[in-house]
Amino acid sequence: MAVLLDLAVAVICGLLTLSWCLARGKGVDQAVKAGAKVFGGMATLGIAIIAFLQPG
């Protein structure tokens with residue numbers, strides 16, 4: 001359940017980054033790349049934190 005929550009947060013952050021880049025007038029290609037980087041970073045960080053906090 002925690003992994004799904006982590007992925008949901010990562011998707012939301014990625015979409016917010018994509019929207020922010022588009023609103024600032026960046027190109028679609030650059031906005032998609034930035035959103036993907038944020039999604040990847042947030043997902044990786046979240047899963048690492050979940051793995052660290054797992055008991056046992």
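A note on the numbers comes first. This is a predicted model, in which local features need pLDDT of at least 70 and side-chain atom pairs count only at pLDDT 80 or more, while totals for chains, interfaces and linings use all residues. Residues are numbered from 1 along each chain as its sequence is written, and side-chain values use heavy atoms, with hydrogens and water left out.

The protein chain has two helices and zero strands. Both kinds of element are DSSP runs numbered from the N terminus: helices are H or I with at least four residues, and strands are E with at least two. Helix α1 covers residues 2-23, and α2 covers residues 28-53.

How well does the length of α1 fit a helix? Its 22 residues should span 32 Å at 1.5 Å a residue, and the end C-alpha atoms are 31 Å apart, which agrees. The expected span is 1.5 Å times one less than the number of residues.

Now for the sides of α1. Asp6, Ala10, Gly14, Thr17 and Cys21 are buried. Seen down the axis of α1, the buried residues fall within an arc of 70°, so they line one face of the helix. That arc is taken from the directions from the helix axis to the C-beta atoms. Buried means under 20% relative accessible area, exposed over 50%, and partly exposed in between, with a 1.4 Å probe and protein chains only. On the other side of α1, the exposed residues are Leu4, Leu5, Ile12, Leu15, Leu16 and Ala23.

What does the buried face meet? The buried residues of α1 pack against α2. Thr17 is one of the buried residues, and its relative accessible area is 17%. Leaving aside residues up to four places away in sequence, Thr17 touches Ala34, Gly35 and Val38; contact here means heavy atoms within 4.5 Å. For contrast, look at Lys37, which sits in α2 and counts as exposed at 66% relative accessibility.

Finally, step back to the whole chain. Buried residues make up 18% of the 56 residues, and the C-alpha atoms fill a box of roughly 50 × 15 × 10 Å along the principal axes.
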